[in-house]
Amino acid sequence: MAGVIRRLDETVVNRIAAGEVIQRPANAVKELIENCLDAKSTNIQVTVKDGGLKLLQIQDNGTGIRREDMDIVCERFTTSKLQTFEDLSAIATYGFRGEALASVSHVAHVTITTKTADAKCAHRASYSDSKLKGPPKPCAGNQGTQILVEDLFYNVSTRRKALKSPSDEYSRILDVVSRYAIHNSGKSFSVKKQGETVADVRTLPNASVVDNIRGVFGNAVSRELIQVGCEDQKLAYKMKGYISNANYSVKKCILVLFINHRLVESSALKKAIETVYAAYLPKNTHPFLYLSLEIAPQNVDVNVHPTKHEVHFLHEDSVIESVQKHVESKLLGSNSSRTYFTQTLLPGLSVSGGSEVKSPGAAAESSERVYAHQMVRTDCRAQKLDAFLKPKEKPPPQPDPDSAGPSSRGAATKAARPDCVEMEEMDDAEMLMALAEQEAEGSKGNEDDANSAQRKRLRKEQQQPPEEEVDEDLTAATVPKRRVIKLNSVKELRAETTENTHKGLQEMLQNHSFVGCVNPQWTLIQHHTKLYLLNTTNLSQELFYQILIYDFGNFGVLRLSTPAPLYDLAMLALDSEESGWTEEDGPKEGLAQYIVDFLKKKTEMLEDYFSIEIDQEGNLTGLPLLLDKYTPLMEGLPMFILRLATEVNWDNEKECFRDLSKECSMFYSIRKRYILEAQPGEEQEAEVNSWRWKVEHFIFKAFRTLLSPPKNFSEDGSVLQIANLPDLYKVFERC
């Protein structure tokens with residue numbers, strides 16, 4: 001028997017239609033936000049409870065709804081944006097069918113409070129199944145419209161059960177509002193849960209598109225954006241937006257696409273652009289894209305989907321190809337630089353030290369198998385041939401016998417260029433006698449002082465047993481006849497350094513394998529199966545600071561071949577931008593003379609404790625010898641003299657010693673701005689690259705035995721882990 005065809009009841013028809021338009025709370029929010037934007041709102045506030053199922057409130061400051069229109073506002077096919085079918089071909093508003101409020105009212109309880117600019121008061125009315133429950137009542141209210149949607153899908157239990165958790169629905173609402181907020185810069189959006197005081201999404205009315213992207217998706221994407229824009233008269237379209245460059249990638253593609261200011265999706269456009277990015281991004285990573293296309297309204301068919309999340313337009317393939325080519329050209333132009341983010345914290349290097357990686361020899365002894373991805377293929381004790389091939393340097397001028405003079409500790413020095421220094425020569429018998437005297441003196445004195453005085457020698461003996469290697473990189477402080485410093489301020493500074501030592505970093509520096517210098521500021525080393533990038537400037541500065549503190553008052557002298565007038569040095573420093581001198585500070589000549597007079601008053605202390613020698617005429621004649629065979633770059637000497645007079649707290653003993661040591665260590669450290677590097681393509685001259693040899697064979701060799709790295713080096717970017725062998729194996733296994 002044939003089935004009977006019946007006309008469906010109007011209520012059933014409306015609920016079926018409502019189910020097509022309002023599929024979940026986010027769809028209701030989208031429809032209502034579009035109504036707000038059509039009403040020329042500049043401030044839209046969304047409040048949500050239980051993911052929008054219990055309550056949705058959308059409030060705007062738009063034109064409002066007239067009192068006369070409130071009777072039919074929730075009926076189907078009632079709209080203020082369309083009158084004839086021909087109007088649909090040039091539609092410029094979001095809504096046009098008049099189904100949004102009708103669909104919502106069929107699956108929820110709707111209350112509308114609205115006020116127009118010329119109305120004396122607001123009116124409130126409630127609706128059910130698109131019908132007015134009672135006549136609108138006057139009430140207090142601001143200009144605009146507030147729509148309250150309660151108990152969404154209360155009469156469609158199957159739909160309500162099919163929805164995911166309230167938190168998931170809330171995240172979908174946040175996503176929808178965020179996308180409209182990005183596109184509608186100049187309008188304020190906010191979304192929050194009911195009862196909460198802080199909004200989860202909030203944009204300001206004066207914010208730009210980039211500001212809104214930063215507020216929604218974070219700084220990581222906003223700082224890597226490229227602005228795009230193109231126009232094609234033949235295809236009758238215009239495109240603008242922002243795309244991420246090759247430095248940014250995410251696991252899932254984020255495409256915020258608006259066509260004629262309507263939030264839509266386009267799988268074809270998305271696939272075309274991702275094809276371009278495949279050549280720039282790592283495998284299985286995707287870009288961020290915000291694109292706004294304006295196509296001639298007569299070329300767009302917006303009436304192809306109930307929720308309007310898809311549109312069709314003429315010459316679709318040609319437009320997509322044009323957009324794809326423009327994006328590709330922008331990416332090509334931005335590929336001149338790539339940024340790689342590194343990890344500053346050091347996994348596997350705890351504060352207390354220790355390491356989980358075993359060397360092949362240790363594993364062999366314990367009969368444990370060492371896998372390829374755990375194998376350490378370098379030996380930190382191995383020496384290189386170039387350690388014996390010191391780069392050629394200009395021959396020093398002939399020494400002037402008359403310029404030699406005894407230092408405060410009787411160490412004989414000769415006049416030479418700054419990096420040519422000769423320490424007092426002692427035969428073996430004198431050395432043994434001096435060591436015996438020092439041990440006897442140390443046993444009588446404070447035990448801590450003796451320990452600190454022997455700090456470097458003990459560490460060297462533990463790590464370098466062969467006797468012939470022990471004396472290769474001694475500082476002047478390891479020469480016998482040391483004097484024991486009993487100043488409490490110096491003891492406290494030493495104790496602070498010891499307490500702040502990062503044992504894991506210390507072990508890493510003691511057992512590292514030098515890889516090479518990237519530039520004067522950055523150096524690569526290997527430790528076990530990890531590759532690290534070290535800030536040579538920061539580490540060398542800390543090295544010389546600790547040498548100054550631990551060997552306080554026990555330095556040799558670097559004698560300058562020609563005394564350097566302090567006045568001239570001060571004038572050079574004041575002439576540089578680094579000094580920060582302004583006319584308000586007074587004439588440079590007067591400041592330079594003040595610096596000379598001030599430092600001449602401190603001559604005795606500077607010479608006794610720091611081996612900084614200044615003669616009666618105000619000339620600098622000697623500098624401390626902190627590391628044997630190492631001389632600081634004299635280009636930094638003027639600023640060093642200026643900072644000695646201006647940046648040191650001379651009123652407090654401990655602060656004075658700390659500041660003096662910090663300024664001196666800054667002067668002695670490896671600083672990029674004072675080093676002349678060979679440009680790419682130029683011939684590598686030995687003199688230009690001599691700094692590389694010094695960094696490897698003086699500075700990093702001293703790191704092994706003399707440096708106790710502070711804990712903050714593992715967090716401030718001074719030590720960066722950039723590769724790990726087990727992780728690299730995982731990457732290559734996927735390829």
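Predicted model: local features only at pLDDT ≥ 70, side-chain atom pairs only at ≥ 80, totals over all residues.
**Helix H23**

I started with H23, which bends by about 30° at Glu696. I then checked the length of helix H23, which covers residues 690–706. At 1.5 Å a residue, its 17 residues should span 24 Å. The end C-alpha atoms lie 22 Å apart, which agrees with that expectation. Next I asked how many residues of H23 are buried. The count is 15 of the 17, so the rest of the structure largely encloses this helix.

**Positive phi**

I looked up backbone angles next. Most residues other than glycine have a negative phi. I noted two residues with a positive value.

Asp151 is not a glycine, yet its phi is positive, about 55°. I located Asp151 in the loop between strand E7 (144–150) and helix H4 (157–162).

I found Ala236 in the loop between strand E10 (225–232) and strand E11 (237–244). Its relative accessible area is 29%, and Ala236 is partly exposed.

**A sheet of 3 strands**

I traced an open sheet of 3 strands in the order E20-E22-E21, with antiparallel pairing. Which strands stand at the edges? They are E20 (556–565) and E21 (613–614). Each has a single partner strand, so one side of each is left without a neighbour in the sheet. Strands of a sheet pair through backbone hydrogen bonds, either parallel or antiparallel.

I then looked at the pairing of E21 with E22 (residues 619–625). It is antiparallel and runs over 2 bridges. For Ile614, I recorded Leu620 in E22 as the bridge partner.

**Whole chain**

The chain holds 24 helices and 23 strands. Of its 735 residues, 47% are buried. How much accessible surface does the chain have? I noted about 38100 Å², with 50% of it belonging to carbon and sulfur atoms.

Key: Residues numbered from 1 in each chain as written. Heavy atoms only, no water. Helix = DSSP H or I, 4+ residues; strand = E, 2+ residues; numbered from the N terminus. Expected span 1.5 Å × (residues − 1). Bend = angle between axes of the 7 residues up to and from the residue. Buried < 20%, exposed > 50% of the residue type's maximum accessible area, 1.4 Å probe, protein only. Pairing = 2+ DSSP bridges. Areas by Shrake-Rupley, 256 points an atom, 1.4 Å probe, with all protein chains shown as cover.
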